[in-house]
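Hello,

Here is the structure I promised to pass on to you.

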Amino acid sequence: YFTLRYTRRSVLLVEGSQVAHGATGRNAGWLFAGFERPFADLVREFGLAQAADAQRAIESGWTLLDEIYRDAAPKTPVTYFTDYVGVQDGQDVLKELDGAALRVEAGLQPDRLLIAAEASYSGTIPSAYEKLYSIVPQSELLAYLETADTHFTAVSIGKGGRMNGALFCEELVQYLLAQYPERFFVLEKTPIHTIALREDSVELTSVAHTITGKDIVLCTNGFERFMIQNLSGPDIETKFHHLVRGYVDYMAAYFDPRNPVPGGICYV
């Protein structure tokens, strides 16, 4: 969208199956601008400056999404709301505070953190974190989480949203095809099996097509279904799946006639 809007370049979208029929269309409607790793972990691995730049970039997604809605006016509704993340373990709370302190150091806005006065660790939190949380009655905290489970001793409060991600992507593709018919093209059901990187071009090979372009952006959940050949430099390591650990989470949505304002709650 932004390449077409702000440059004169042409874009070919090559989709192995159908647009938004993979993970994009199965996100249960939840919008979240963050990483699936604690910020403190990213800082330890990449350094504060690089981790902060990445966090700013991903949080800019809210602004970019607003721009799309303002200019392209898609009909798929989007709603922003407050996310509440309930935490039980004191060590997890300390990790949250560690990340919040690093965010402040990097000039980022940390999420609001509430800790129950009844929490066994509430009096042992290091003084360096005292400006990063508030102590509240546990009843207030449980009301935010809509639960009576007293194992939850803290809640992190941030920004979230909801939309039909699959419908939004399909609608945006239709908009781009109509808006930029000379510069935007879509190939669905075109799995790529080889990507060859040359000095000044990229060549993609599928069963029926060979595609040559100037640059390529990979938007994928994995690299196990195709091979990357770097013909102008060192090999690119793509076999990293052994480093990935899987977790099973459950996500559900429901209507509450008592409260017309949507919200999101996560229980850790």
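At what angle do helix α2 and helix α5 pack, and how far apart are their axes? Before the reply, a word on where the values come from. This is a predicted model, in which local features need pLDDT of at least 70 and side-chain atom pairs count only at pLDDT 80 or more, while totals for chains, interfaces and linings use all residues. Residues are numbered from 1 along each chain as its sequence is written, and side-chain values use heavy atoms, with hydrogens and water left out.

**Two packed helices**

Helix α2 (residues 39–46) and helix α5 (residues 90–105) pack at about 60°, and their axes are 7 Å apart. The axes are lines fitted to C-alpha atoms, for helices over the stretch in contact, and the angles run from 0 to 180 degrees between N-to-C directions. Helices are DSSP runs of H or I with at least four residues, strands are runs of E with at least two, and both are numbered from the N terminus. α2 and α5 are therefore oblique to each other (under 35 degrees counts as roughly parallel, over 145 as roughly antiparallel, 65 to 115 as roughly perpendicular, and the rest as oblique). On the α2 side, the contact (heavy atoms within 4.5 Å) is made by Phe39, Ala40, Val43 and Arg44. From α5 come Asp98, Gly99, Leu102 and Arg103.

**Helix α4**

Helix α4 (residues 61–72) has twelve residues. Its buried residues (under 20% relative accessible area, with a 1.4 Å probe and protein chains only) are Trp62, Leu65, Glu67, Ile68, Tyr69 and Ala72. Among the elements that cover them are α1 (2–6), α3 (48–59), β3 (78–87) and β6 (154–163). After α4 comes Ala73, which has a positive phi, near 50°.

**Strands**

Two strands pair if DSSP finds at least two bridges between them. β3, part of that cover, pairs with β6 in the antiparallel sense over ten bridges, and Val78 has Met163 in β6 as its bridge partner. β3 also pairs with strand β12 (residues 264–267), in the parallel sense and over four bridges. There, Tyr84 has Ile265 as its bridge partner.

Strand β9 (residues 202–206) pairs with β10 in the antiparallel sense over four bridges, and Leu204 has Ile211 as its partner in β10.

Best wishes

Terms used. Expected span 1.5 Å × (residues − 1). Buried < 20%, exposed > 50% of the residue type's maximum accessible area, 1.4 Å probe, protein only.
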